[in-house]
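Keep the structure open as you read.

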Amino acid sequence: MKGSISVIICFVIGCLIGRYVDMPFDNHSLSISLLYILMIQVGIGIGVNPNLKILYKELKLRFLLLPIGTVGGALIISCIIGFCLKQLTVSEILAINYGCGYYSLSSILINQIMTPNIGAIIAAEIATIALLTNILRELMALFFAPLIRKYIGAFGLIGAAGVTSTDVCLPTIEKWNGESFVGLAIIHGIIIDVSTPFFVTLFCQL
Amino acid sequence: MFEIIGLFVFGILIGRLLKNIKVLCRFSSYVNITVCLLIMVLGISVGANEYVVSEFKKISIISLILAFGGIIGSMFGAAFIGKVLSKL
């Protein structure tokens, strides 16, 4: 929650700077360098995670397939929306929604990868949509957690949390689903986390 | 875009091999700062972009639709797969 609010604040500050100050440096190369640092940091974060092995032992192997439901469901709905919505193509919506709440990485990847193909203006627009979509999704998951748990069930709540089931939504999941779901929630988030760079890159280039 | 995925995989390997080095753990724990800086840079290109600023209302509505659709899809998708897996 605190993380998503600080991201919104940074985004608004950035918007104001961009609107009223003429930047003396090249925005694009700065963000590429920062993105490279981010990718290494995210990778190291996954690599050094000491919980990985313990979780792996505790968990029934077949539940590793749960993220397929989470991502698959999001992608099916994205396709349906893609056919109804004229402003975006299906592959753009797939790239936006694949992150399942991973606002930082998906919006930045979309911006970088799409800029050479469709131009900086449209790429920034789609990246902004990705950022807002994924932040809103995270906030909805936190806000509606009790209702989702009650009417859809424990797996539904983990799915709704998406990638944030491993960090931001984990305390909420623990509260409503019980401790026995914590391991599954962490692994579920990590699997989506690891696969996001591959699939967002893929959908951006379709 | 191979360099992005390459660096990501490189990070995982480095983290796995050198997980006892504290500096490395600290470097990766600063990920929030990098994210905030990057989002700010994204904000700068959005703010400087007349088209996106003028279309912001439309963008917000589309985002809301996509977020709602995404969460509904994930929720039912995971509930379905979870139910199938529990029965196995």
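A:Thr196 counts as buried because its relative accessibility is 0%, under the 20% cut-off. Bear in mind that this is a predicted model. You will find A:Thr196 in helix α10 of chain A, residues 182–204. Leaving aside residues up to four places away in sequence, A:Thr196 touches A:Tyr98, A:Gly99, A:Tyr102 and A:Thr201.

One of those partners, A:Tyr98, also takes part in a contact between two helices, α4(A) and α5(A). Their axes come within 9 Å and cross at roughly 145°, and the crossing is right-handed. Here is who makes the contact:

| Helix | Span in chain A | Contact residues |
|---|---|---|
| α4(A) | residues 66–84 | A:Val71, A:Ala74, A:Leu75, A:Ser78, A:Cys79, A:Ile81, A:Gly82, A:Phe83 |
| α5(A) | residues 90–98 | A:Val90, A:Ile93, A:Leu94, A:Asn97, A:Tyr98 |

By type, the residues of this contact are 10 nonpolar, three polar and no charged.

Now for the nonpolar cores. Which residues of the largest core touch the most other members? They are A:Leu38, A:Leu88, A:Ile96, A:Ile110, A:Leu131 and B:Leu66, out of 54 residues in that core. Helix α7 of chain A (residues 120–151) gives the most to this core, with eight residues. A second, separate core has 28 residues, including A:Phe63, A:Ala141, A:Ala145 and A:Ile158.

Not counting residues up to four places away in sequence, A:Leu38 touches A:Leu105 and A:Ile108 in chain A, and B:Val31, B:Thr34, B:Val35 and B:Leu38 in chain B.

Methods. Residues are numbered from 1 along each chain as its sequence is written. Chains are lettered from A and ligands numbered from 1 in the order in which they are written. This is a predicted model: local features need pLDDT of at least 70, side-chain atom pairs count only at pLDDT 80 or more; totals for chains, interfaces and linings use all residues. Side-chain values use heavy atoms; hydrogens and water are left out. A nonpolar core is a set of buried Ala, Val, Leu, Ile, Met, Phe, Trp, Tyr and Cys residues joined through side-chain atoms within 4.5 Å. Buried means under 20% relative accessible area, exposed over 50%, partly exposed in between (1.4 Å probe, protein chains only). Helices (H or I, at least four residues) and strands (E, at least two) are DSSP runs, numbered from the N terminus. Contact means heavy atoms within 4.5 Å. Axes are lines fitted to C-alpha atoms, for helices over the stretch in contact, and angles run from 0 to 180 degrees between N-to-C directions. A crossing is left-handed if the near helix is turned anticlockwise from the far one by less than a right angle, and right-handed if clockwise. Ala, Val, Leu, Ile, Met, Phe, Trp, Tyr, Cys and Pro count as nonpolar, Asp, Glu, Lys and Arg as charged, and the others, Gly among them, as polar.
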